[in-house]
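Here is a short note to read beside the model. Take the points in order, and find each residue in the viewer as you go.

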Amino acid sequence: MSNLSFVRTEMLPEREPPLTEVGVIGWMRENLFSGWFNSILTVLSVLFIYYVLSGILPWLISPTWNAGSLRECREILVAVGSVGEHGASGACWGVIRERWIQLFFGFYPSQFYWRPIMAFVLLAVALAPVLFADKVPTRLLYFSAVYPFLFPWLLWGGSIWGPLGAAAGFVIGYFVYKSVEVRVNSLAGIIAGAVTALIWWLVLFSPITSWLANLIPLGLEGVRSRDFGGMMLSLTIGVVAIGMSLPLGIVLALGRKSDLLIVKSLCVGFIEFIRGVPLITLLFVASTLLNIFMPPGTNFDIILRVIIMATLFASAYMAEVIRGGLAALPKGQYEGADSLGLNYWQAQRLIIMPQALKISIPGIVSTFIGLFKDTTLVSIIGLLDPLGLSNAIRADSNWNGIVWELYGFIALMFFVFCFGMSRYSMYLERKLQTGH
């Protein structure tokens, strides 16, 4: 008996996959109805979502945008038949239509709205080469270096010589550093540059800029810090504190791991003290006690005081996040830097710190988001952030009783910025991913 085998000589035509395995139906079978237990959970989840939306959507879709008071909102809702168990049911969106500008700008003079708008538009331009270095011309980094001096001038106004004089301190310090570095060494250059810059800012800055302001009066009309408010105030405090806390946190993290006893002790003491004190306590110190330690007659701006305290608070937490990234690096990375003959700062800049920051991205962004949300605490010390303004708006007899509409709109504004930071964090992690 012989065994016969059959070999097909022609290819079978391709067939479409079953409809139940591809597309929306296939995705639902795989993810929502893959078994009896998942099917029950899916049905219960759909019913729960329907229950929630059936209660929220009628409240959100409310024809009250043109109302001028809470009483008018209720009259409109009764007229359209939107009546619940406790009377008229529906959001009173008239308060948002009437006060949205105030929620964004506070009491900033309306004729100068173009200044904060321009400041934050230029902020996006300045951040572009930092956040998307591979997609934006590197020449924009020059503008990024100039922007920190342009930003406060646009918001607060005053003489143009103020920000130019502040920038001059960095320029003078840099040239002193380079000249001393060539003749002595890098450490001496850093010390000489820092001392020269401090002498400029503390001794020479004020008389020279005042003389120039009198000689050539160029500038913008000044705006008081007490006129700042709303989302503009939260963004101002958040952006500056975030931008300053990261480099300060890096320095503190390196100081905490230093072999120099005094440096390590100072950094550990600062970090543990700040992390052991609530932010609201530091804000009260900034609001009431900080001026006591200043020379008589010193007028220390309240927003600047809050920014300093928020920066110090965030930098302590940032230092611990970055220290965690440094501790996660294998010892071989440090040994590899030593084998290449790199000194301490070269090793940190080229090998150690880039990897530590990459590991620490989720923690860094979480600290940024927490800091931005903590800016609402300034309402406790009398600054009118969005929450502080909501209390002022509800004090108006026309809107007395409005709660959820204001808080919901404020929550939406914060969500947009916090969600944006979170998504950028995910984008950066994917971009820097090297392991598979």
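1. Which residues line the largest cavity? Bear in mind that this is a predicted model. The lining is made up of Ile237, Leu279, Leu283, Val306, Ala310, Leu371, Asp374, Thr375 and Val378.

2. Now the cavity itself. The largest cavity holds about 40 Å³ of space. The count of cavities of 30 Å³ or more comes to one. Its lining has seven nonpolar residues, one polar residue and one charged residue. Asp counts as charged and Leu as nonpolar.

3. Next, the second largest pocket. Its space comes to about 520 Å³. The lining has 20 residues, and the closest to the pocket centre are Leu254, Lys257, Ser258, Tyr344 and Gln348. Start from these five when you look for the pocket.

4. Which element gives the most to the lining of the second largest pocket? The answer is α14, with five residues. Helix α14 spans 344-359, and α9 (230-256), α10 (261-275) and α13 (331-339) also supply at least two residues each. By class, the pocket lining has 13 nonpolar, four polar and three charged residues.

5. Look at helix α16, residues 386-394. Which of its residues are buried? They are Pro386, Gly388, Leu389, Ser390 and Ile393. Here, buried means under 20% relative accessible area. The cover over these buried residues includes α4 (94-105), α9 and α17 (404-432).

6. Step back to the whole chain. The domain assignment gives domain 1 (44-91), domain 2 (159-220) and domain 3 (228-432). Between the centres of domain 1 and domain 3, taken over C-alpha atoms, there are 39 Å. Eight residues from domain 1 and seven residues from domain 3 take part in the contact.

7. How much area is buried between domain 1 and domain 3? The value is about 490 Å², and carbon and sulfur atoms give 71% of it. On the domain 1 side, Trp59, Ser69 and Leu70 supply 68% of the area buried against domain 3. That is more than any other three residues supply. Find this trio before you trace the rest of the contact.

Note on methods
Residues numbered from 1 in each chain as written. Predicted model: local features only at pLDDT ≥ 70, side-chain atom pairs only at ≥ 80, totals over all residues. Heavy atoms only, no water. 1 Å grid on protein atoms, 1.4 Å probe; cavity = no way out; pocket = protein on both sides within 12 Å on 5 of 7 lines; lining within 4 Å. Points joined across faces, edges and corners; volume = space filled by probe spheres on them. Helix = DSSP H or I, 4+ residues; strand = E, 2+ residues; numbered from the N terminus. Buried < 20%, exposed > 50% of the residue type's maximum accessible area, 1.4 Å probe, protein only. Contact = heavy atoms within 4.5 Å. Domains from an automatic or database assignment. Buried area = accessible area lost by both parts, 1.4 Å probe.
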